Amino acid sequence: MPNTKTTVPFAGTKEQEAQLLEIIAAHKGQAGASMPVLQAAQSLYGYLPEEVQVMIAEELDIPLSEIYGIVSFYSQFTLNPKGKINIAVCMGTACYVRGAGDILDDIAKHTCCQSGSITDDRTVSLEATRCIGACGLAPVLTINDDVYGKLDRGEIEPVIDTYLEKEKGNRA
């Protein structure tokens with residue numbers, strides 16, 4: 001597995017920028033325009049890097065601090081790109097007391113991806129999340145849209161390996 005980068009260079013295209021400017025223009029001057037614009041921008045880019053936040057702030061003529069405040073407050077927004085294999089470990093109370101911290105550490109070692117980052121080939125991203133509401137299955141992790149619960153530490157690597165092998169097959 002390649003080394004992990006904590007910051008990934010912004011790789012937006014001119015086409016994405018043009019689409020974002022159209023989205024902003026459609027909402028400019030509306031009360032509360034920042035939320036729908038941010039939601040559309042995240043859908044367009046997959047995350048909300050600083051460059052996109054700056055563009056939104058400038059085009060909507062609102063302070064960057066306000067945009068960042070919204071992005072960092074709502075859990076629906078992310079500042080980091082997601083890998084093709086996006087792993088999220090619930091760190092809510094029930095999961096944490098049942099070993100989620102150790103599971104997160106094990107996954108980081110196995111994938112060479114630290115929490116809050118993405119591998120430089122953008123294959124794997126790893127994050128610690130707030131409670132996902134599946135406390136009865138603690139400890140819980142998600143891989144893309146799949147939920148895994150009541151896993152012991154030894155069961156996690158084979159699960160992740162199936163995703164890695166599938167991704168490797170997709171690249172062949």
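Student: Which residue has its backbone oxygen 2.5 Å from a polar atom of the side chain of S117?
Tutor: This is a predicted model, where local features need pLDDT of at least 70, side-chain atom pairs count only at pLDDT 80 or more, and totals for chains, interfaces and linings use all residues. Residues are numbered from 1 along each chain as its sequence is written, and side-chain values use heavy atoms, with hydrogens and water left out. The backbone oxygen at 2.5 Å from the S117 side chain belongs to Q114.

Student: Is S117 buried or exposed?
Tutor: S117 lies in strand β3, residues 117-119. Strands are DSSP runs of E, at least two residues; helices are runs of H or I, at least four; both are numbered from the N terminus. Buried means under 20% relative accessible area, exposed over 50%, partly exposed in between, with a 1.4 Å probe and protein chains only. S117 has a relative accessible area of 4%, so S117 is buried.

Student: How many disulfides are counted?
Tutor: A disulfide needs a pair of cysteine sulfur atoms within 2.5 Å. C95 is in no disulfide: the nearest cysteine sulfur, in C90, is 3.6 Å away. For C131 the closest cysteine sulfur is that of C135, at 3.8 Å, too far for a bond. The count is 0.

Student: What is the angle between the planes of F10 and Y45?
Tutor: The two rings are 5.7 Å apart, centre to centre, and the pair is tilted. It links distant parts of the chain, 35 residues apart: F10 sits in the loop between β1 (4-5) and α1, Y45 in helix α2. F10 is partly exposed at 30%, whereas Y45 is buried at 12%. The angle between the F10 and Y45 planes is 40°.

Student: What kind of pair do F73 and Y74 form?
Tutor: F73 is exposed, with a relative accessible area of 57%. Y74 is partly exposed, at 36%. Their ring centres are 4.9 Å apart and their planes stand at 90°, so the pair is edge-to-face.

Student: Which elements do the buried residues of α3 pack against?
Tutor: Helix α3 covers residues 50-60, and its buried residues include V52, M55, I56 and L60. Contact means heavy atoms within 4.5 Å. The partners of the buried α3 residues are α1 (14-27), α2 and α4 (64-73).

Student: How far apart in space are P36 and I23?
Tutor: P36 is in helix α2, residues 34-45. At 27% relative accessibility, P36 is partly exposed. P36 and I23 are 13 residues apart in sequence, and their C-alpha separation is 8.9 Å.

Student: What distance separates the centres of domain 1 and domain 2?
Tutor: Domain bounds come from an automatic or database domain assignment. Domain 1 spans 14-73 and domain 2 spans 85-171. Taken over C-alpha atoms, their centres are separated by 30 Å.

Terms used
Polar contact = N/O pair within 3.5 Å; in protein donor to acceptor, adjacent residues only side chain to side chain. Phe/Tyr/Trp six-rings, centres within 6.5 Å; stacked < 30°, edge-to-face > 60°.
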